[in-house]
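This briefing looks at the overall build of one protein and then at the packing of some of its helices. Please keep the structure in view while reading.

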Amino acid sequence: MAKKTIHLDNRTILITGFAGFIGANLTRRLLSECIETIIVGVDNMNAYYDRQLKEHRVKELLDMQPKEQSAFVPLCGMDISDKAAVEEVFRKYRPSVVVNLAAQAGVRYSITDPDAYINSNLIGFYNILEASRHSYENGDSGVQHLVYASSSSVYGGQTKVPFSESDSVDHPISLYAATKKSNELLAHAYAKLYNIPSTGLRFFTVYGPAGRPDMAYFGFTDKLKAGEKIKIFNYGNCQRDFTYIDDIVEGIVRVMRGAPEKANGVDGLPIPPYAIYNIGNSHPEDLMEFVNILAEELVNAGVLPSGFQVEDYIEKVPMQPGDVPVTYADTSKLERDFGYKPKTSLREGLKRFAEWYKAYYSC
Ligand SMILES: NC(=O)c1ccc[n+]([C@@H]2O[C@H](COP(=O)([O-])OP(=O)(O)OC[C@H]3O[C@@H](n4cnc5c(N)ncnc54)[C@H](O)[C@@H]3O)[C@@H](O)[C@H]2O)c1
């Protein structure tokens, strides 16, 4: 689909989930680059994982000097499942680019707290779509690009690799995946009905400094540091496409700048300005190899003592419900349309995570 260029200077950009891992890194990048741009960040600062880490990310953003007449408006405590609050933000700030990253993440937690997924991922996203729809009223130019987070989990237990955007994703195996697939469907319907240019991004296991403590690499690090055993699911027969945070942010920024072009079909009605992209490293790593590299980099960074034998701390266990044995992104569509492919090696990315962990926890 043809793209309309969206300049990120001199406009208002709304980022939901800005205190989250990906949101904070995206906000930092935009604050350091955009000129005369208002960046409005929304986050409910929930306690799904250590809130101090979210506060730390927010503080780092507040300490930044936005570039040339740009401004940062953090709205901590605001929940996107609150329809009136979302409407008010759109009415007050009139964002022309919206990046919806707020969501209840995680596959396993959807088994214990399904309500969180329905509220944030379905009702919250619906509120963003409704506010985007109404943004065109009274002749306003409104939302010119809605970018939102989907997930590699939409591919379910698919065994055909690599995963391509044209593959059927009708068989989610977790509630989390079902909500992300639903986001793609809702965005398509709204693109068709109201001509809202939207792009969904299927992220593949994002990692890096100040990342999410609920994710395996972070949890493994906490446990190894505490001298505890780590559980390796599916007896280690797993492969993951790990994507370094800076690569994800580069991909998001490029995608933000290229909105699907509006056009009408032969029936005179809009062809939905709608796109979906995988963003992954396109290089799946064996879970055991990943653990070995992580342990080596934790030793190099001084988090673990030299001579640490990671094999002694591994417990191999069966697969968990909702987990998938392999994730592997085909990123040729992203390369074709945006000339971009993630490039950070796992060793380099884990090195930066280990160094951050050492400094943050002063260990
Ligand atoms: N990190 C990954 O590997 C990965 C992979 C696939 C998809 N994703 C998706 O990318 C997005 C960002 O993920 P992340 O890793 O930064 O997660 P994160 O949990 O660190 O960030 C999400 C942020 O959204 C906020 N939030 C949650 N519900 C909210 C609500 N109702 N209203 C306002 N704020 C709310 C949270 O407080 C959090 O700060 C999510 O949509 C996630 O599902 C992430």
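For the packing of two helices, the axes are lines fitted to C-alpha atoms over the stretch in contact, and the angle between them, taken between N-to-C directions, runs from 0 to 180 degrees. On that basis, helix α1 (residues 21-33) packs with helix α8 (residues 245-256) at an angle of about 60°, their axes lying 10 Å apart. The model is a predicted one, and the points below are grouped by topic.

**Overall build**

- The protein contains 11 helices and 17 strands, and its radius of gyration of 20 Å is close to the 21 Å that the globule rule gives for 363 residues, so the protein is as compact as a globular protein of that length.
- Taken along the principal axes, the box filled by the C-alpha atoms is roughly 65 × 45 × 40 Å.
- Of the 363 residues, 44% are buried.
- Where contacts join residues at least 6 apart in sequence, 83% of them are between residues at least 24 apart.

**Helices α1 and α8**

- Angles from 65 to 115 degrees count as roughly perpendicular and those under 35 as roughly parallel, and α1 and α8 are therefore oblique to each other.
- The crossing of these two helices, α1 and α8, is right-handed.
- From α1, the residues Ile22, Asn25, Leu26 and Arg29 meet Ile245, Ile248, Val249, Ile252 and Val253 of α8, and by class this contact comprises 7 nonpolar, 1 polar and 1 charged residues.

**Helices α9 and α11**

- Helix α9 (residues 287-301) packs with helix α11 (residues 346-360) at an angle of about 45°, with 8 Å between their axes, which makes α9 oblique to α11.
- The crossing of α9 and α11 is right-handed, and the contact is made on the α9 side by Phe290, Ile293, Leu294, Glu297, Leu298, Asn300 and Ala301, and on the α11 side by Leu346, Arg347, Leu350, Lys351, Ala354, Glu355 and Lys358.
- Sorted by class, the residues in the contact of α9 with α11 are 8 nonpolar, 1 polar and 5 charged.

**Helix α7 and its cover**

- In helix α7 (residues 216-225), the buried residues are Ala216, Tyr217, Phe218, Phe220, Thr221 and Leu224.
- The cover over the buried residues of α7 includes β8 (206-207) and β9 (230-232), together with helices α9 and α11.
- After α7 comes Gly227, whose phi is positive, near 75°.

Methods:
Residues numbered from 1 in each chain as written. Predicted model: local features only at pLDDT ≥ 70, side-chain atom pairs only at ≥ 80, totals over all residues. Helix = DSSP H or I, 4+ residues; strand = E, 2+ residues; numbered from the N terminus. Rg over C-alpha atoms; globule rule 2.2 N^0.38 Å. Buried ≥ 20, exposed ≤ 12 C-beta atoms within 10 Å, placed from the backbone. Contact = placed C-beta atoms within 7 Å. Parallel < 35°, antiparallel > 145°, perpendicular 65-115°, else oblique. Left-handed = near helix turned anticlockwise from the far one by under 90°. Nonpolar A, V, L, I, M, F, W, Y, C, P; charged D, E, K, R; others polar.
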